[in-house]
Amino acid sequence: TLSLSRWASQQTPETLTRPNLPQARSASRSHSFLQTTTQAAAEELAHLGEAIQDLTLLEQQVQQLLKQRQKTLKQVQTNLLQARMLPIGELLSQFPRMVRDLAASEGKQVRLTLKGTQTLVDKAILEKLYDPLVHLLRNAFDHGIESPEVRQAIGKSPEASITIRAWHRGNHTYVEVKDDGQGIDLEKIRATAIATHWLSPAEAAMMSSRRLYEFLFAPEFSTATEVSQISGRGIGLYAVRSQLNLLKGSVTVDSHLGKSAVFTLRLPLTLTVTKLLIFSFNRHLFAIAVDSLAAVQIASHELLQTHKNQQFYRWKEQFVPLYPESLLASYRYPLPCLTRSDWSRSPASNPADLSDNVDSWADSWQSREKFPLLLLAHGSQVVALKVDQIVTEQELVIKPFNEAIDPPPYLNGCTILGDGRLAPVLDSPALIEKWLQFSRSQSQSEVPAVSVAPTATVPTILVVDDSVTIRQTLSLTLRKAGYRVVQARDGWEAIAQIQLQPGIAAVICDIEMPRMNGLEFLSRCRQQGNAMPIIILTYRSSEKYRQLAQQLGATRYLTKPFLDKELLSVLETCLEAARPHNV
């Protein structure tokens with residue numbers, strides 16, 4: 001303590017305030033290092049900012065390059081499509097001279113009008129469209145157009161008119177052949193169907209006009225009283241439908257007795273790129289052409305109204321019926337739909353033309369317990385299809401089904417998505433037609449049944465053989481025995497006959513035939529649940545073919561040459577076993 005006091009007395013204020021030189025030097029060095037580090041960091045940040053600006057500029061250049069490349073690819077795609085398409089006027093320009101020659105030879109005054117001649121059609125379809133249009137023109141000229149004297153007597157202009165009009169709607173091309181002649185007499189069709197034992201009087205009286213028109217396309221069916229060199233008898237319209245079936249098209253008829261008859265051909269644009277809306281329904285992926293949609297609406301259960309077990313949605317001051325889910329869910333689709341999270345993780349599922357608001361709309365529908373409605377339009381009829389969610393919108397190629405697949409009629413083909421999955425493409429007009437048939441059947445089922453006295457009907461036998469001689473021999477034998485006979489050249493044509501004429505009682509079928517042989521036809525019929533007797537009549541007598549036919553569901557197996565009595569006995573036994581017996 002004494003030493004500490006002596007040291008304190010010896011210190012002066014100058015001594016106490018003198019700085020520590022080593023500590024000052026250390027602090028100065030730390031400050032200099034901090035300043036240098038800060039300047040270096042600032043320089044690095046400046047360089048990093050310049051690099052980000054360079055990357056941003058590079059990204060903009062890449063985006064512009066991608067847009068330019070997409071524009072070039074789009075132009076190439078458009079040029080390729082235009083190279084495959086031809087205006088239908090190149091085909092229709094051949095008909096005015098033909099009509100003038102027919103008018104001069106038959107003494108009729110007919111004016112042919114062509115509309116929509118610039119409508120583009122696939123070249124492959126255009127080459128096969130000539131024969132169907134020739135048949136329709138000849139039928140209109142021969143059976144529809146009256147003579148000038150008759151037209152003047154009923155108050156019409158002596159010069160008749162035939163109009164061919166073409167237009168494009170959605171993924172289809174429509175060609176309409178219309179005449180202002182006498183139209184189609186439904187009573188004459190009924191009388192012909194009854195006279196040829198195609199229908200019983202009770203069935204003919206209950207049948208709708210749409211189904212009666214279908215008989216016009218049946219082979220060997222004609223309402224003409226005499227054979228004409230212009231249109232033939234019962235062959236022209238059957239050839240029209242057969243050719244259109246090969247083109248994956250269809251034909252419909254509409255007529256007003258004494259005024260007009262209209263035949264409308266609907267042809268697909270096969271292997272063409274079109275804008276499709278991909279959506280999920282009942283956990284399965286589907287696609288539909290955007291052009292066939294009238295609108296896409298957001299709906300909730302509160303906006304739906306129910307009347308007679310049918311739900312309706314109010315849209316533009318009209319009540320639109322909801323498509324029954326059972327009509328689409330009845331067909332088995334092999335590939336289930338992935339969830340939205342799976343779709344978003346897919347590397348190929350984010351196309352450039354994907355609408356950003358589709359995902360936001362779908363999220364809002366799910367969060368608010370709402371659902372999307374696709375409004376399908378065909379003519380004046382509008383039907384709403386309730387779907388689970390909308391996935392994307394893309395320009396894709398529609399691939400048609402081949403003969404190995406038997407799709408439902410409301411599928412137009414399939415498309416391949418970017419990740420390799422297949423999505424069936426819905427045909428909007430066919431969907432609406434199916435709904436109309438369903439609604440008509442529902443309304444007819446609500447009508448009280450009228451008791452009709454049972455009438456004896458003649459069984460219809462379908463003869464399937466590629467040999468004309470065998471078909472004619474079998475037909476002659478069966479007709480002598482009192483059966484009505486329908487013929488087909490192969491299994492593919494036989495399936496069309498069964499769909500056209502549901503009253504076929506039995507089938508006599510060969511094995512070796514083009515396009516679809518007898519075993520394939522037998523397998524297809526059994527897979528579709530058709531239990532009618534099918535008798536195999538073939539030159540193949542080996543046990544291998546016999547066992548294979550029995551495994552596929554053949555009722556009997558006979559070999560050629562055959563005896564008439566044996567064949568008729570086997571046929572009668574099969575028909576007797578197939579008839580329902582009352583206990």
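Predicted model: local features only at pLDDT ≥ 70, side-chain atom pairs only at ≥ 80, totals over all residues.
1. Overall make-up. The chain holds 21 helices and 23 strands. Of its 583 residues, 40% are buried. Take the contacts between residues at least 6 apart in sequence: 67% of them join residues at least 24 apart.

2. Helix α7. This helix covers residues 130-144, which is 15 residues. From its first C-alpha to its last it reaches 20 Å, close to the 21 Å expected at 1.5 Å a residue. The buried positions in α7 are P132, L133, V134, L136, L137, N139, A140, F141 and G144.

3. Helices α17 and α21, geometry. Helix α17 spans residues 468-480 and helix α21 spans residues 564-578. Their axes come within 11 Å and cross at roughly 65°. Angles of 65 to 115 degrees count as roughly perpendicular, and α17 and α21 are therefore described as roughly perpendicular to each other. The crossing of α17 past α21 is right-handed.

4. Helices α17 and α21, contact. On the α17 side, the residues are L474, T477 and L478; in α21 they meet D564, L567, L568 and L571. Sorted by class, this contact has 5 nonpolar, 1 polar and 1 charged residues.

5. K560 and P561 are joined by a cis peptide bond, with omega about -5°. Most peptide bonds are trans. P561 sits in the loop between β23 (556-559) and α21. Helix α21 is also the partner of α17 in the crossing described above.

6. Helices α19 and α20, geometry. Helix α19 runs over residues 518-527 and helix α20 over residues 543-552. The two axes come within 9 Å, crossing at roughly 20°. Angles under 35 degrees count as roughly parallel, so α19 and α20 are roughly parallel to each other. Here α19 passes α20 in a left-handed crossing, whereas the crossing of α17 past α21 is right-handed.

7. Helices α19 and α20, contact. Which residues of α19 meet α20? They are L519, L522, S523 and R526, and their partners in α20 are Y545, L548, A549 and L552. By class, the contact of α19 with α20 comprises 6 nonpolar, 1 polar and 1 charged residues.

Definitions and conventions:
Residues numbered from 1 in each chain as written. Heavy atoms only, no water. Axes fitted to C-alpha atoms, helices over the stretch in contact; angles between N-to-C directions. Helix = DSSP H or I, 4+ residues; strand = E, 2+ residues; numbered from the N terminus. Parallel < 35°, antiparallel > 145°, perpendicular 65-115°, else oblique. Left-handed = near helix turned anticlockwise from the far one by under 90°. Contact = heavy atoms within 4.5 Å. Nonpolar A, V, L, I, M, F, W, Y, C, P; charged D, E, K, R; others polar. Expected span 1.5 Å × (residues − 1). Buried < 20%, exposed > 50% of the residue type's maximum accessible area, 1.4 Å probe, protein only.
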